[in-house]
Amino acid sequence: MMKLTKSKHFVLAILVVLLLIILDCNLILAEEYSISVDTDKNNYHKGDNVIISGFLKLDGVGIAGSVQIQISYSDNSNVYLDSVSSQDDGSYSAIYLIINANRLGNYTVFVANAGSARANATYIV
């Protein structure tokens, strides 16, 4: 069995402390994105505008960034795709005009940013 001297114990203790500091810094520096989405109404008709809005945040603070918007029918077919920029306070909005209301039913608005944040909202035509 190998004997550790006091100086080796000290070096080992320093290495363990440094490792713990590095791991703790990585946890502190981990960025957490969040995004929200809402529509101005729950029910729409042909010719209505769907006003989509929400906030993009990083660690709880609104930020400017890119937001991808997708609207899908209940069978998962896409009816609208867009990319908008959020303002410095994190707010964003888009308007989708319902032109073809032949497919009555439930629609879902999906939003995402380049990070890991995702959200959705639903409405009915």
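Predicted model: local features only at pLDDT ≥ 70, side-chain atom pairs only at ≥ 80, totals over all residues.
Trainee: OK, and where does Thr 39 lie?
Mentor: Thr 39 sits in strand 2, which covers residues 38–39.

Trainee: Is Thr 39 buried or exposed, and why?
Mentor: Buried, because its relative accessibility is 8% and the cut-off for buried is under 20%.

Trainee: Which residues does Thr 39 touch, if I skip those up to four places away in sequence?
Mentor: Tyr 44, Val 50, Ile 51, Val 109, Thr 122 and Tyr 123.

Trainee: What lies 2.8 Å from a polar atom of the Thr 39 side chain?
Mentor: That's the backbone oxygen of Lys 41.

Trainee: Let's switch to Thr 122. Which strand is Thr 122 in?
Mentor: Strand 9, residues 118–124. Apart from neighbours within four places, Thr 122 is in contact with Thr 39, Tyr 107 and Thr 108.

Trainee: How far apart are Thr 122 and Asp 38?
Mentor: They're 84 residues apart in sequence, but 8.3 Å apart in space, C-alpha to C-alpha.

Trainee: Zooming out, what share of the contacts with a separation of 6 or more comes from residues 24 or more positions apart?
Mentor: Those pairs account for 57%.

Trainee: And how much of the chain is buried?
Mentor: Buried residues make up 30% of the 125 in the chain. As for accessible surface, the chain has about 8500 Å², and 59% of that belongs to carbon and sulfur atoms.

Key: Residues numbered from 1 in each chain as written. Heavy atoms only, no water. Helix = DSSP H or I, 4+ residues; strand = E, 2+ residues; numbered from the N terminus. Buried < 20%, exposed > 50% of the residue type's maximum accessible area, 1.4 Å probe, protein only. Polar contact = N/O pair within 3.5 Å; in protein donor to acceptor, adjacent residues only side chain to side chain. Contact = heavy atoms within 4.5 Å. Areas by Shrake-Rupley, 256 points an atom, 1.4 Å probe, with all protein chains shown as cover.
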